[in-house]
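I opened this model to look up its charged pairs and its sheet. My entries follow in the order of the search.

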Amino acid sequence: MATGSRRALLGGLGAGMVLAGMNGRSRAAPARRIGYAIVGLGSYATRQVMPNFAGCDHARLVALVSGTPAKLDQYGAQYGIPATHRYSYADFERIRDNPDIDAVYVVLPNSLHAEYAVRAAQAGKHVLCEKPMATSVAECAAMIAACRKAGTKLMIGYRSRFEPYNRLAIDLARSGYVGRTRLITAEHGFAIRPDQWRLDRALSGGGSMMDIGIYSLNAARYLTGEEPVEVSAIESTNRSDPRFRTVEDRIGFQLRFPSGILANCLSSYSSGHNGYRVIGAQGWINMEPATPYSGQSMMIRKDGVTAPRILPVAAKNQFAGQLDHLAECILNGGTPIVPGEEGLADLRVIEAIYRSAAERRHVAISA
Ligand code: NAD
């Protein structure tokens, strides 16, 4: 092969792949992996997020941020993070000087999301932020503005969008597999243990709705692909229960979408639920559980026949898929499928849900 045409081939197809194919001893140069700093070494970060870097193709864990030196030592040793890449909240800004850190994953209590997302953007880093994006629409807007100004990407940790059953449910619902969607039901809840930041409004921004009901809301939005235009909500909270001094327990809310779809949703801190159902003229798609860390289960009824839908085990789980997605967006200049605007859209509806419940009336939602 002439040198020129070989070079053209290498340039066009990816030099590593071609070289490896032409010469058994050659190996593709390892592609650059995006380096993440994890901020907040709590339960979700340490049990779900950090172990799943092992399944990533484009992301790696390079730095830790915590207020607890013992945690930095423990997880630093476990994941091989050197002392130079361990930070306290006070010296968080020093991440600016660490070129290994491309992105910051904010896994803190909700009311701290906006502050750390903005500080990360100001340090020139891309941001992945846990749900709920923040505790108000105003905070979400400030986060989006900060990332836009810094030229960094902003993605929200809606992991179900990287989970195969939920992706299939979206495709089936939006393509009218059981007929045009007429109704969605969605319920999420668990019986919450006392004595934690989730029950302190100053840290959580709200009760079950902010934490777990957001899965019902987000599902209604991703299954329809529409933004609700009206909400009616009703709350039930036993204020003498010490868990619910500052935050709500249960909220039922009904959404109306522009196409006429209704969604009947539940959020609860005192009963266990995890599911949704999409109902059309020819049947329904049922997911229960719908949004756990693993073990989704789908049942479909179409034209009078009910059957389970079983997917092969995915090569990459939702946690690794999410980490890799932002990494690929950074590497390729793409936009995340769950950008900051997606988190803001949920907060806009949550604010309307709270207003509807408080004022006991239907509330119109405008974009
Ligand atoms: P957690 O309580 O286990 O961890 C919170 C961490 O923040 C702790 O390490 C704590 O030390 C630290 N922290 C820093 N400042 C704090 C302060 N002022 N008060 C309290 N803690 C402080 O909580 P978690 O379950 O890991 O939740 C963290 C975030 O992750 C929340 O936003 C939550 O909604 C989100 N989350 C998402 C999922 C999901 O499936 N996507 C699951 C669980 C939690």
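Which residue forms a salt bridge with Glu-227? I found Arg-221, in a model that is predicted; the closest N and O atoms of Glu-227 and Arg-221 are 2.8 Å apart. I then looked up accessibility: Glu-227 is partly exposed at 37%, whereas Arg-221 is buried at 3%. I noted that this pair belongs to one network, in which salt bridges with shared partners join Arg-161, Arg-221, Glu-227, Glu-342 and Asp-346.

I next turned to Asp-211 and Lys-131, whose side chains meet in a salt bridge with an N to O distance of 3.4 Å. Because Asp-211 lies in helix H9 (residues 208-224) and Lys-131 in the loop between E5 and helix H6 (137-150), this pair ties together parts 80 residues apart in sequence. I recorded both Asp-211 and Lys-131 as buried.

I also checked Asp-91 and Arg-94, which form a salt bridge at 3.1 Å, N to O. Here Asp-91 is partly exposed at 24% relative accessibility, and Arg-94 is partly exposed at 41%. My count of salt bridges came to 20.

For the sheet, I traced six strands in the order E3-E2-E1-E4-E5-E6, an open sheet with parallel pairing. Strands E3 (86-87) and E6 (154-156) each have a single partner strand, so one side of each lacks a neighbour in the sheet. I found four bridges between the parallel strands E1 (residues 34-39) and E4 (residues 103-106); Tyr-36 has Ala-103 as its bridge partner in E4. Last, I noted that helix H10 (residues 318-332) packs on the sheet, touching E1, E2, E4, E5 and E6, and that its direction makes about 130° with that of E1.

Definitions and conventions. Residues are numbered from 1 along each chain as its sequence is written. This is a predicted model: local features need pLDDT of at least 70, side-chain atom pairs count only at pLDDT 80 or more; totals for chains, interfaces and linings use all residues. Side-chain values use heavy atoms; hydrogens and water are left out. Two strands pair if DSSP finds at least two bridges between them. Helices (H or I, at least four residues) and strands (E, at least two) are DSSP runs, numbered from the N terminus. Contact means heavy atoms within 4.5 Å. Axes are lines fitted to C-alpha atoms, for helices over the stretch in contact, and angles run from 0 to 180 degrees between N-to-C directions. A salt bridge is a side-chain nitrogen of Lys or Arg within 4 Å of a carboxyl oxygen of Asp or Glu. Buried means under 20% relative accessible area, exposed over 50%, partly exposed in between (1.4 Å probe, protein chains only).
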